[in-house]
Amino acid sequence: MNMKKALVTVPLSFSLLLPTTASIVSADDHSSAKPTVTTEAVELRASLDRLLSEHAYLAVETMRKGAEGAEDFEASANALSSNTEGLSKAIASVYGEEAGKQFKQIWSDHIGYFVDYVKATGNEDAEAKEAALQELTEYRKDFSQFLENATDERLKAGKLADGLQMHVNQLIGAFDSYVAGDYEKAYEYERKAIEHMYGVSKGLTSAIVDQFPGQFNETKAVTPAADLRSNLNHLMSEHAGLAMMAMQNGIDGSEDFKASTQALSHNTDDLAAAISSIYGEEAGQEFKKMWTNHIGHFVDYVKATGADDEEMKQKALDALDQYRQDFSMFLEKATEGELKSETLAKNLQSHVDYLITTFDQYAQEDYDMAYETLRESYGHMFGAAKALSSGFVNQYPEKFSSEMPSEMPDTGMGGAEQSNNFTWIILSVLAMLAGTAVFARKQSQNQ
């Protein structure tokens, strides 16, 4: 394929990447330099955050389902294919239909090579496995050149190839570890693969925004506010993704159930450790207990389903209802009214409904609907991250007013990068979350 002919036309339509809502900052709003998580550039980054991280998540899970010979393998693969359609349309909306088609071909091919690797593993065909890896090597060269040409060399093929190799290594590592029965290692690779895609999103978004600044009202994709939203995108969507897989594993009685719940626990640990670094070990442990308990309510629902115990299922749902009420009230108080508890409670109920519905559909073996709802559930967390990050930034605008350097990050689309001064941003958010434990405890004491 001649990649230098990839970009026949560059239309000025970004409709698939930018939502047409009034929440996006206008040119006048931008001129005020007020920090916000809803500029055109940040919306682009959030869209790519979702599509790219979902690709990694679904790719790992589809390969795992393939190794199991699971009944829902086809539905999982179809979900991954739908993700490819979304990515291809996004590229086409920026660079034209021809480029979108070429992207889809390259992207679909690389997924096919992973499938070839899965099949070769099942057949114990070492030669076929090596052939699949060689195809993936060629893919990363072709795709790197495609992106270098598309961005007018704002992204360099050499560094891109290194980043893409990391992506390949993470997915293959997750699969090989799973087949070998090293489930903890498999989920460790999966979490790294998901995180890695946020670096890809950051680099690609920066290149596009730099290439077409007028289409984004001269806004930037990399600012403290944008990083906050992206990091919440990561933490919250990962929570949802891992929770759904753990629930599936629970009802299936899968050997990797414990490892999947441990991965979900590690997501909680990432939050609790940050809280402990600010408020001490006691506050961190309080938070960890509260967060773990809410995950436990979902696990209780899974157990109740397996036992066909309707009373126990309702008890788990009631506990989740109490949790969302407490958490919503805390966030309204923490943000001094920037976020309203009534609205938050509805969004939290949506999160609960999505996970429960996805699980129920899976348990009833309605796999097509289960994966459709799974994708909606995963995507819902990006809206939640947008709302939360917006509330935090509006409450403390002075803490998010400084801009990152105007040049694009020097990235080969590797793992998610964080600036040296970003740690305090995410910690300040987690500090507010830490208070949830105290709030919940006081509520309990007052009952």
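**View 1. Ser76, a buried serine in helix H3.** Ser76 has a relative accessible area of 0%, so this residue counts as buried. In this predicted model, Ser76 belongs to helix H3, which covers residues 73–95. Looking past its neighbours within four places in sequence, you will find Ser76 in contact with Leu58, Glu61, Thr62, Lys65 and Tyr371.

View 2. Of its 447 residues, 54% count as buried. Take the contacts between residues at least 6 apart in sequence: 76% of them join residues at least 24 apart. The average pLDDT is 82, and 79% of the residues score at least 70.

**View 3. Tyr95 and Phe212, an aromatic pair between H3 and a loop.** The structure holds 12 aromatic pairs. In the pair of Tyr95 and Phe212, the ring centres are 6.0 Å apart and the planes meet at 55°, so the pair is tilted. Tyr95 sits in helix H3 while Phe212 sits in the loop between H7 and H8, so the pair ties together parts that are 117 residues apart in sequence. Both Tyr95 and Phe212 are buried.

**View 4. Phe143 and Phe146, a pair within helix H5.** With ring centres 6.1 Å apart and planes at 10°, Phe143 and Phe146 form a stacked pair. The two residues are three apart in helix H5 (residues 126–150), so about one helical turn separates them. Widen the view and you will see one aromatic cluster formed by Phe103, Trp107, Tyr139, Phe143 and Phe146.

**View 5. Lys185 over the ring of Tyr189.** Lys185 lies over the face of Tyr189. The distance to the ring centre is 5.5 Å.

**View 6. Asn217 and Glu40, a side-chain contact across the sequence.** Asn217 is in the loop between helix H7 (183–211) and helix H8 (224–252). With a relative accessible area of 26%, Asn217 is partly exposed. Which residue does its side chain meet in a polar contact of 2.6 Å? The partner is the side chain of Glu40. Asn217 and Glu40 are 177 residues apart in sequence, yet their C-alpha atoms are 7.2 Å apart in space.

**View 7. Helix H12 from end to end.** Helix H12 runs over residues 341–363, and at 1.5 Å a residue its 23 residues should span 33 Å. The C-alpha atoms at its ends are 32 Å apart, which agrees with that expectation. Buried residues of H12 include Leu344, Leu348, His351, Leu355, Phe359 and Tyr362. Following H12 you come to Glu365, whose phi is positive, near 65°.

**View 8. Two stretches to read with care.** Over residues 1–32 pLDDT stays under 50, and the model has 74 contacts beyond four places in sequence for this stretch. Where pLDDT is low, the predicted coordinates should not be read in detail.

Conventions: Residues are numbered from 1 along each chain as its sequence is written. This is a predicted model: local features need pLDDT of at least 70, side-chain atom pairs count only at pLDDT 80 or more; totals for chains, interfaces and linings use all residues. Side-chain values use heavy atoms; hydrogens and water are left out. Helices (H or I, at least four residues) and strands (E, at least two) are DSSP runs, numbered from the N terminus. The expected span of a helix is 1.5 Å times one less than its number of residues. Buried means under 20% relative accessible area, exposed over 50%, partly exposed in between (1.4 Å probe, protein chains only). A polar contact is a pair of N or O atoms within 3.5 Å; within protein, one must be able to donate a hydrogen and the other to accept it, and residues adjacent in sequence count only if both atoms are side-chain atoms. Contact means heavy atoms within 4.5 Å. pLDDT is the predictor's confidence in each residue, from 0 to 100. Rings of Phe, Tyr and Trp (its six-membered ring) pair if their centres lie within 6.5 Å; planes under 30 degrees apart count as stacked, over 60 as edge-to-face and the rest as tilted. A charge sits over a ring if NZ of Lys or CZ of Arg is within 6 Å of the ring centre and within 35 degrees of the ring normal.
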